[in-house]
Amino acid sequence: MIKTFTQDDVIRYVYEETSPEESLLIEDALMSEPDLMTFFLEALELRALMNKIERQPRKNTVQTILNYSQNHPANPPARQRHS
């Protein structure tokens, strides 16, 4: 039986979420299916570009978190239960 791999399978392969056995089968499929290989190369490029993205929170967001942490204890006392 021949296994047909989808773009989802290729994405899992790109992100190393496939088993060693499945990876070998996907690699064979990539060598024999030009469209799948094209998608694989595009997915690799997109992953590399996404890894370059740097996001930082706005300064006022960081300040809000710092203000909150200064005004609230890290370990609030436990409430006593009344029986």
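Reply: Tyrosine 15 is placed in the loop between α1 and α2. The model is a predicted one.

Me: Is tyrosine 15 buried, partly exposed or exposed?
Reply: Buried would need under 20% relative accessible area, and exposed would need over 50%. The relative accessibility of tyrosine 15 is 37%, so the residue counts as partly exposed.

Me: Which residues is tyrosine 15 in contact with, leaving aside its neighbours within four places in sequence?
Reply: Contact here means heavy atoms within 4.5 Å. With neighbours within four places in sequence left aside, the contacts of tyrosine 15 are Arg47 and Met50.

Me: At what distance from the ring centre does arginine 47 lie over the face of tyrosine 15?
Reply: In sequence, tyrosine 15 and arginine 47 are 32 residues apart, while their C-alpha atoms are 8.6 Å apart in space. A charge sits over a ring if, for Arg, CZ is within 6 Å of the ring centre and within 35 degrees of the ring normal. Arginine 47 lies over the face of tyrosine 15, and its distance from the ring centre is 4.8 Å.

Me: How much accessible area does the nonpolar patch with Tyr15 have together?
Reply: Ile11, Tyr15, Leu46, Met50 and Ile53 form this patch on the surface. One of them, isoleucine 11, lies in helix α1 and counts as partly exposed because its relative accessibility is 35%. Together the five named residues have an accessible area of about 470 Å².

Me: What is phi of glutamate 16?
Reply: Glutamate 16 is in the loop between α1 and α2, and it counts as exposed because its relative accessibility is 68%. Most residues other than glycine have a negative phi. In glutamate 16 the value is positive, near 55°.

**Salt bridges**

Me: How many salt bridges does the structure hold?
Reply: Side chains of opposite charge can pair when their charged atoms come close. The cut-off is a side-chain nitrogen of Lys or Arg within 4 Å of a carboxyl oxygen of Asp or Glu. The number of salt bridges in the structure is 2.

Me: What is the N to O distance in the salt bridge of aspartate 9 and arginine 12?
Reply: Aspartate 9 and arginine 12 are about one helical turn from each other, because they are 3 residues apart in helix α1. Aspartate 9 has a relative accessible area of 10%, so it is buried, whereas arginine 12 is partly exposed at 27% relative accessibility. Their side chains meet with an N to O distance of 3.2 Å.

Me: What is the angle between the planes of the aromatic pair?
Reply: The structure holds 1 aromatic pair. Tyrosine 13 and phenylalanine 40 form it, at 5.7 Å centre to centre, and it is tilted, with an angle between the planes of 50°.

Me: Which helices does the pair of tyrosine 13 and phenylalanine 40 link?
Reply: Tyrosine 13 and phenylalanine 40 are both buried. The pair links distant parts of the chain, 27 residues apart, and the helices are α1 (residues 7-14) for tyrosine 13 and α3 (residues 34-52) for phenylalanine 40.

Me: Which residues does serine 23 touch, not counting those up to four places away in sequence?
Reply: Serine 23 is in helix α2. Its relative accessible area is 13%, so serine 23 is buried. Not counting residues up to four places away in sequence, serine 23 touches Tyr13 and Thr18.

**The chain as a whole**

Me: In what order do the elements of the chain run from the N terminus on?
Reply: The chain has 4 helices and 0 strands. From the N terminus on, the order is α-α-α-α.

Me: What percentage of the residues of the chain count as buried?
Reply: The chain has an accessible surface of about 7800 Å², and carbon and sulfur atoms account for 55% of that. Of its 83 residues, the share that counts as buried is 18%.

Conventions. Residues numbered from 1 in each chain as written. Predicted model: local features only at pLDDT ≥ 70, side-chain atom pairs only at ≥ 80, totals over all residues. Heavy atoms only, no water. Phe/Tyr/Trp six-rings, centres within 6.5 Å; stacked < 30°, edge-to-face > 60°. Helix = DSSP H or I, 4+ residues; strand = E, 2+ residues; numbered from the N terminus. Buried < 20%, exposed > 50% of the residue type's maximum accessible area, 1.4 Å probe, protein only. Patch = residues over 30% accessible without salt bridge, like charges linked within 9 Å, V, L, I, M, F, W, Y side chains within 5 Å. Areas by Shrake-Rupley, 256 points an atom, 1.4 Å probe, with all protein chains shown as cover.
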